[in-house]
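Subject: Structure for your review

Dear colleague,

Please find the structure below, with its sequence. The notes that follow set out what was found in it.

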Amino acid sequence: MKFSIDSKDLSNALDSMQVRGKHLTTSGFGNSNIGSYVYMSLEDNTLKLYNGDNTFMVILNLEVNGETNGSTIVDSGLLIKYLKTCDGDIEINVGDFVSVVSPNKNRNMPRVIQHPSMEAITNIKNMVSHINYEAQPNTLFNFGKASFEGSFSLTQNNFKDAIKSCELINSGIYTLNYNEQVVISSRSAHNDSYKETVNTVFTHGEPATIDFSGPLYAFFENGQMLNFYMKDEFPLLVVASDRLLIKAPYVNGV
């Protein structure tokens, strides 16, 4: 695999793939991420990045100057640290090592042999290969043996502000309710609660309610328009112009 890209663009994309923020984990609710290993696949001038597991998957598309198609797995934490020392275009050349080449600099990094959730990545990338961004989300895409039943759009900023306020409740579990309006809420075991009605556009389809966890907003760029696709007791799909995520619903402590 061989391609060239602006070092800052790749660094920002790899950082997004970690989805940094407040997650609900086995050790409680606090700052975490979904891991630093990223699967990268190049086809012509499109580089696809994948990270996640069976319950949470993120996929991002980058436009690059492709030379040789292929795939690899990298430790994004290590790669980001080096990319921050580079300016302008760099070349990534994957052979026995992952080589990062810029004027007067050449860094060789070891390849990661296996992503911890490679089976999940393979399964989910096939399940979402037909999903694309629509300026007005009217297509209720299939996912597995069923399809989503409702969709709406809102900005990353509005979504982030609502979840950030919900995070103050410290439960780490959020309820997304779509029924003409969209309401995001959170409630603690001690009945401390927060609820916010968010501004939406392009609402379509049937009402639905989903409980989920995680700082999903952190995967997207400021100002991006996000298309949400919902169905009761079904994964949540969020699609932007260059990326998408799938998050399993929060059910019975899972």
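A polar atom of the side chain of Arg111 lies 3.0 Å from the backbone oxygen of Gly95. This is a polar contact, that is, a pair of N or O atoms within 3.5 Å; within protein, one must be able to donate a hydrogen and the other to accept it, and residues adjacent in sequence count only if both atoms are side-chain atoms. A second polar contact, of 3.2 Å, joins the side chain of Arg111 to that of Thr72.

Before going further, please note that this is a predicted model, in which local features need pLDDT of at least 70 and side-chain atom pairs count only at pLDDT 80 or more, while totals for chains, interfaces and linings use all residues. Residues are numbered from 1 along each chain as its sequence is written, and side-chain values use heavy atoms, with hydrogens and water left out.

Arg111 is placed in the loop between strand 11 (105-110) and helix 3 (118-127). Here helices (H or I, at least four residues) and strands (E, at least two) are DSSP runs, numbered from the N terminus. With a relative accessible area of 36%, Arg111 is partly exposed; buried means under 20% relative accessible area, exposed over 50%, and partly exposed in between (1.4 Å probe, protein chains only). Apart from its neighbours within four places in sequence, Arg111 is in contact with Ser71, Thr72, Ile73, Val94, Gly95, Asp96, Phe97 and Val98, where contact means heavy atoms within 4.5 Å.

An α-helix has 3.6 residues a turn, so residues three or four places apart point the same way.

Helix 2 (residues 76-83) has Ser76, Leu79, Ile80, Tyr82 and Leu83 as its buried residues. Seen down the axis of helix 2, these fall within an arc of 165 degrees, so they line one face of the helix. They are covered by elements that include helix 1 (7-16), strand 9 (89-94) and strand 10 (97-102).

Helix 4 (residues 156-167) has 12 residues and reaches 16 Å from its first C-alpha to its last, close to the 16 Å expected at 1.5 Å a residue. The expected span is 1.5 Å times one less than the number of residues. Which residues of helix 4 are buried? They are Gln156, Phe159, Ala162, Ile163, Cys166 and Glu167. Down the axis of helix 4, these fall within an arc of 145 degrees, so they line one face of the helix.

One of these residues, Gln156, is also in contact with Gln224. Gln224 is in the loop between strand 19 (208-213) and strand 20 (225-230), and at 10% relative accessibility it counts as buried. The side chain of Gln224 makes a polar contact of 2.9 Å with the side chain of Asp242.

Two residues have a positive phi although neither is a glycine: for Asn170 the value is about 70 degrees, and for Glu233 about 55 degrees. Asn170 is in the loop between helix 4 and strand 15 (173-179). Glu233 is exposed, with a relative accessible area of 77%.

Finally, the largest pocket has a volume of about 440 Å³. Of the 25 residues that line this pocket, the closest to its centre are Leu24, Asp53, Thr55, Phe56 and Lys247. A pocket is an open set of points on a 1 Å grid over the protein atoms alone, where a 1.4 Å probe fits, with protein on both sides within 12 Å along at least five of seven lines; lining residues have an atom within 4 Å of a point. Strand 2 supplies the largest share of the lining, 3 residues. His23 lies in strand 2 (residues 21-25) and is buried, with a relative accessible area of 8%.

Yours sincerely

Methods: The arc is that of the directions from the helix axis to the C-beta atoms. Grid points are joined across faces, edges and corners, and a volume is the space filled by probe spheres set on the points.
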